Amino acid sequence: AEYMGDLATNMRLLCAFAAALLVACALGQELPIPPLPYEYNALEPFIDEATMRVHHFGHHAAYAKKLSVALEELRRNPETKQLAKSGIDNILRHLDQVPSSLRNTVRNQGGGYVNHDLFWKIMSPNPAKINREPQGKLKKAIDDTFGSFEMFKQQFSKAASSVFGSGWAWLLVDQTNNSLHITATANQDTPASMNNQVPILGLDVWEHAYYLFYQNKRDEYISNWWYVVNWPQVERNYISATNLTYEKDL
């Protein structure tokens with residue numbers, strides 16, 4: 001029960017945020033900061049409260065503010081007004097339609113905004129400090145693709161550890177054939193801008209995600225992060241991306 005958390009409450013929060021995001025894009029309001037589905041200290045001892053506060057209410061809030069300014073400029077331009085109202089995911093998939101003067105800003109701030117939105121959702125408290133593993137259809141897909149969950153963890157952790165400077169590691173669904181892939185992106189580049197590539201799990205390896213607590217020990221941060229992965233949510237992401245039927249076998 002602790003692992004699953006209060007799913008009904010979390011879903012209400014996320015639905016409210018999604019509605020607020022659509023309204024903000026359409027009406028030109030400042031983008032909302034997505035609420036965390038847990039308290040700032042809930043991921044301890046694996047991710048500390050101070051880091052979560054700075055990360056969520058500092059860095060993520062800054063991406064939202066700067067992206068809002070860029071979207072307002074797009075809305076004032078008759079040629080990009082409709083694009084600006086279409087939602088940030090669609091804008092990121094059509095960066096070629098964003099004027100060159102704003103393209104890097106939208107790419108960086110928009111990527112940071114959506115990347116972190118996913119990041120908060122795919123983590124959950126683990127007070128029992130137990131090892132967690134995926135179940136159901138996602139487990140089968142991981143086993144079929146990577147050989148085993150442990151082999152997947154090794155490959156994903158290597159991708160995260162190997163990011164030079166700042167970036168992310170991802171587990172993606174390629175919607176052309178519903179296959180799973182591991183990849184890494186630099187800075188705030190996001191799979192949301194790639195056609196047919198849907199991120200279902202992402203790990204932030206920017207220093208602001210871990211340096212207050214782990215300092216330069218990125219590998220230790222990566223190793224401990226596995227304890228707070230919310231596998232039921234990741235499976236829901238997988239089911240949604242592949243249009244499979246969800247079976248409550250978690």
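Author: Axes here are lines fitted to C-alpha atoms, for helices over the stretch in contact, and the angles between N-to-C directions run from 0 to 180 degrees. The model discussed below is a predicted one.

Reader: Which residues make up the contact between α2 and α5, and what is its make-up by class?

Author: On the α2 side the residues include Met52, His55, His56, Leu67 and Leu74, and they meet residues of α5 among which are Leu102, Val106, Tyr113, Phe119 and Trp120. By class, this contact of α2 with α5 has 12 nonpolar, nine polar and three charged residues.

Reader: How do you know whether Thr51, which is found in helix α2, is buried or exposed?

Author: Helix α2 covers residues 49-76, and Thr51 within it has a relative accessible area of 2%. Buried means under 20%, and therefore Thr51, at 2%, counts as buried. Leaving aside its neighbours within four places in sequence, Thr51 is in contact with His208, Ala209, Tyr210, Leu212 and Phe213.

Reader: Turning to the sheet, what makes β2 and β3 its edges?

Author: The three strands form an open sheet in the order β2-β1-β3, and their pairing is antiparallel. Strands β2 (179-186) and β3 (197-204) each have a single partner strand, so one side of each is left without a neighbour in the sheet. From one strand to the next the twist averages 25°.

Reader: Why is β1 called mostly covered?

Author: Eight of the eight residues of β1 are buried, and buried means under 20% relative accessible area. In a regular strand the side chains alternate between the two faces of the sheet. Here Gly167, Ala169, Leu171 and Val173 point one way from β1, whereas Trp168, Trp170, Leu172 and Asp174 point the other way, and all of them are buried.

Reader: Which helices lie on this sheet, and at what angles?

Author: Helix α6 (residues 136-146) lies across β1, β2 and β3, running at about 80° to β2. Helix α7 (residues 149-161) also packs on the sheet and touches β1, β2 and β3, and its direction makes about 135° with that of β1.

Reader: What makes α6 roughly perpendicular to α7?

Author: The helices α6 and α7 pack at an angle of about 70°, with their axes 8 Å apart. That angle makes α6 roughly perpendicular to α7, because the term applies from 65 to 115 degrees. Ile142, Asp143 and Phe146 of α6 make the contact with Phe149, Met151, Phe152 and Gln155 of α7, which by class gives five nonpolar, one polar and one charged residues.

Reader: Which residues of α9 are buried, and what covers them?

Author: In α9 (residues 218-225), the buried residues are Arg218, Tyr221, Ile222, Asn224 and Trp225, and what covers the buried residues of this helix includes α5, α7, β3 and α8 (211-214). Helix α7 passes α9 in a right-handed crossing, where Phe156, Ser157, Ala160 and Ser161 in α7 meet Arg218, Asp219, Ile222 and Trp225 in α9. By class, that contact has four nonpolar, two polar and two charged residues.

Technical notes. Residues numbered from 1 in each chain as written. Heavy atoms only, no water. Pairing = 2+ DSSP bridges. Helix = DSSP H or I, 4+ residues; strand = E, 2+ residues; numbered from the N terminus. Contact = heavy atoms within 4.5 Å. Buried < 20%, exposed > 50% of the residue type's maximum accessible area, 1.4 Å probe, protein only. Nonpolar A, V, L, I, M, F, W, Y, C, P; charged D, E, K, R; others polar. Parallel < 35°, antiparallel > 145°, perpendicular 65-115°, else oblique. Left-handed = near helix turned anticlockwise from the far one by under 90°.
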